[in-house]
Amino acid sequence: MEATENAPERRARKARRTRDTLARCAFELVLDRGLRGVTVEEIAQAADVDRRTFSRYFPNKEAAVLDSVRGDGARINQALRARPAAEPPLTAYRRAVFDWLYDPAAEPWHTRPRIFELLVMAEEEPTLYAAFHRIRVDAQEESVAILAARLAVDPRRDPRPAVAVAAGAGALLAAQTAWVRSSRPAALPEFVADAFDALSAELLRTPAERTAPHSTTEKSTSS
């Protein structure tokens, strides 16, 4: 009886292992040989499965390569749900991003091996960039729902949740773009702080009103 009850859990663990193995093989092969130098069949072979099994988990090699970053949007949204209810929406989103950046339990991009290489490649490969954009859009739709619930509004009628997410996610994207075009793999938090500082005030000022750059340290304000 116990074996029967545990069978679904065992199957789920096996499926998770298969998916993780496929994603890891895709990640390593593509970074070693380039996106166009790797086929789905080669990824499946490296994972010791057939093409049909690959297709059960991923629609294409781009999705498999990016599987390791898909969870980042979910972690940002988890942090967003945990932010104090009194925080304004954009402040909550900003601090959720920094909660993710400094979460010791789930490494962000700038501390993970070869993720910088992957995102540089995504800037250069249109199909990989499009797949990464889809991941971001999915995460942002969830962020809008979270902020709408915090504000007790219908996001189809009240634009504030979508505007806050678009602004915050845009700042994060601008920071990521500057980061991958730099030669500073460890500097993502600095780029993110600068982007959100610009969003908060700098873009609303005339050139004559602008003061010295803000501090690029955010860790102390992320709680």
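This is a predicted model: local features need pLDDT of at least 70, side-chain atom pairs count only at pLDDT 80 or more; totals for chains, interfaces and linings use all residues.
Sorted by class, the lining of the largest pocket consists of four nonpolar residues, three charged ones and one polar one.

Now to the rings, where the structure holds five aromatic pairs. One of them is formed by Phe-98 and Tyr-102, which are stacked, with 6.4 Å from centre to centre and 20° between the planes. Of these two residues, Phe-98 is buried, at a relative accessible area of 1%, while Tyr-102, at 31% relative accessibility, counts as partly exposed.

A pair with another geometry is that of Trp-100 and Trp-109, whose ring centres lie 5.2 Å apart and whose planes stand at 80°, so this pair is edge-to-face. Are these two tryptophans buried or exposed? Trp-100 is buried, with a relative accessible area of 2%, and Trp-109 counts as buried too, at 7% relative accessibility.

Trp-100 and Trp-109 also belong, together with Phe-132, to one aromatic cluster. Phe-132 brings us to Arg-136, whose charged end sits over the ring of Phe-132, 4.7 Å from the centre of that ring. The charged end of Arg-136 also sits over the ring of Tyr-129, in this case 5.4 Å from the ring centre.

How values were computed. Residues are numbered from 1 along each chain as its sequence is written. Side-chain values use heavy atoms; hydrogens and water are left out. Ala, Val, Leu, Ile, Met, Phe, Trp, Tyr, Cys and Pro count as nonpolar, Asp, Glu, Lys and Arg as charged, and the others, Gly among them, as polar. Rings of Phe, Tyr and Trp (its six-membered ring) pair if their centres lie within 6.5 Å; planes under 30 degrees apart count as stacked, over 60 as edge-to-face and the rest as tilted. Buried means under 20% relative accessible area, exposed over 50%, partly exposed in between (1.4 Å probe, protein chains only). A charge sits over a ring if NZ of Lys or CZ of Arg is within 6 Å of the ring centre and within 35 degrees of the ring normal.
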